[in-house]
Amino acid sequence: MATVSVLTPCAPHLRDAHPADAAAGSRAERTARIVENMRTATDEARRGLVHELIETNAQVARSMASRYRDRGIDVEDLEQVALVGLTKAAQRFEPDAGHDFLSYAVPTVRGELRRHFRDLGWVIRVPRRIQELRAKVRAVEPVLHARLERTPRAIDYAAHLGAEVADVVEALSADSCYRPTSIDHTPDAGSASLGDLLGTDDPELAGAEARMLLGTAVSRLTDRERLVLGWRFVDDRTQQEIGAMIGLDQAQVSRILRKALARLRLDLADLVPAA
């Protein structure tokens, strides 16, 4: 049986008594209820449900944004970008298309974040706290130099300012951000450029763990659920076609899909390791 490779693990489960798990499970339940109401809502009612859908899953978008912190852009800006992506996903989401909302929304939010980095890719932005620390370091440099009778080191600045040594090191290195080195620069004559020495992400590696986890979760489904999921998401058959193949109407097929997807979300929450 083919593995359903297009589903994305996303919604956690409230198993056991962990507060974060309980909150995530409650969010998943609210999301499912909102999506169900959207199926029969009028256009006016749908607008309210879309707004509710955004509010319910806003923390998911913020959590995604936090994964990009300390990369030169303030996390508050990243959260706004992520919420824009969530809003676009909620407005475009079609509950009858057979997709789980978060599996639809997560790629949209991630795309907005990556596009934001791409658009600002030629500008190096130092976090505000490092900028402020850098200004303090420069201000006390003459004082420390005179007191120590040598060039101050990072540990000297940290002791004087009551800061972490790692933060001071980052502040001292921030000066280079004003004149970033081109990736086409060759450190030595005839040597490779800096760009040639940069590593790249292997997309297959990124998906390997997800495929393993998904395969385990899918194996817990019933034979009929796996069969219907395979026809729907691997063979790309419509719900009507699937119903005709197994003697069910479209509503029954839709219920099987929703139940199977809900079970996958719950199981995947237990399998996905903490970020």
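Which element gives the most to the lining of the second largest pocket? That element is α12, with nine residues, in a predicted model whose local features need pLDDT of at least 70 and whose side-chain atom pairs count only at pLDDT 80 or more, while totals for chains, interfaces and linings use all residues. Residues are numbered from 1 along each chain as its sequence is written, and side-chain values use heavy atoms, with hydrogens and water left out.

**Overall fold**
- The protein has twelve helices and zero strands, where helices (H or I, at least four residues) and strands (E, at least two) are DSSP runs numbered from the N terminus.
- Of the 275 residues in the protein, 34% are buried, meaning under 20% relative accessible area, with exposed being over 50% and partly exposed in between (1.4 Å probe, protein chains only).

**Second largest pocket**
- The second largest pocket has a volume of about 610 Å³, a pocket being, on a 1 Å grid over the protein atoms alone, an open set of points where a 1.4 Å probe fits, with protein on both sides within 12 Å along at least five of seven lines.
- Its lining, made of residues with an atom within 4 Å of a point, counts 31 residues, of which Ala32, Val35, Arg39, Arg258 and Arg265 are the closest to the pocket centre.
- Two or more lining residues come from each of α1 (19-38), α4 (101-119) and α12 (250-271).

**Valine 169**
- Valine 169 belongs to helix α7 (residues 165-173), and it counts as partly exposed because its relative accessibility is 43%.

Methods:
Points joined across faces, edges and corners; volume = space filled by probe spheres on them.
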